[in-house]
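Biologist: I'm new to this one. Could you walk me through how to read it?

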Amino acid sequence: MKKECNKEIHFRVDEKEKTQITNKAKKCGLPISEYIRKRALGYSPKALLPETFYTFSEKLGALYEQLKIQGADKLQEDVLNLLDEIQTELLFPDKSKAFLEEDDGSDD
């Protein structure tokens with residue numbers, strides 16, 4: 001059951017702050033109100049990863065399986081470690097939080 005959110009909070013921001021908040025919410029794929037609610041309650045919304053991340057992840061996974069078939073143990077281990085490192089850097093909320101906080105509000 002979805003909780004009912006029927007209370008409102010209003011506040012003012014300048015144009016630069018509005019742009020920064022809007023851009024950060026967009027990067028997370030969230031409406032502005034949901035982004036602000038999550039931040040205010042101590043959560044760190046994660047930025048959405050580009051589709052190319054998932055494409056490369058699938059390709060690395062396929063390479064890993066191919067190496068497994070060929071018995072290239074050391075190279076297989078290196079590929080697996082690289083895949084883990086990439087996922088760690090891009091998927092952990094603390095890393096996403098740092099990414100969002102570094103945003104200067106410009107729309108790349």
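Biologist: Which helix gives the most to the lining of the largest pocket?

Modeller: A quick word on the source: this is a predicted model, where local features need pLDDT of at least 70, side-chain atom pairs count only at pLDDT 80 or more, and totals for chains, interfaces and linings use all residues. Residues are numbered from 1 along each chain as its sequence is written, and side-chain values use heavy atoms, leaving out hydrogens and water. Now, a pocket is an open set of points on a 1 Å grid where a 1.4 Å probe fits, with protein on both sides within 12 Å along at least five of seven lines; lining residues have an atom within 4 Å of a point. Here H2 gives the most, with five residues.

Biologist: How much space lies in the largest pocket, and which residues are closest to its centre?

Modeller: About 490 Å³. Of its 16 lining residues, Ile9, Phe11, Ser33, Ile36 and Arg37 are the closest to the centre.

Biologist: Which residues of H3 are buried?

Modeller: In general, an α-helix has 3.6 residues a turn, so residues three or four places apart point the same way. Buried means under 20% relative accessible area, and exposed over 50% (1.4 Å probe, protein chains only). In H3, Phe53, Ser57, Leu60, Tyr64 and Leu67 are buried. They lie on the same side of H3 because they cover an arc of only 85° around the axis, taken from the directions from the helix axis to the C-beta atoms.

Biologist: What does the face turned away carry?

Modeller: Exposed residues: Glu51, Glu58, Lys59, Ile69 and Gln70. After H3 comes Gly71, with a positive phi near 75°.

Definitions and conventions
Grid points are joined across faces, edges and corners, and a volume is the space filled by probe spheres set on the points. Helices (H or I, at least four residues) and strands (E, at least two) are DSSP runs, numbered from the N terminus.
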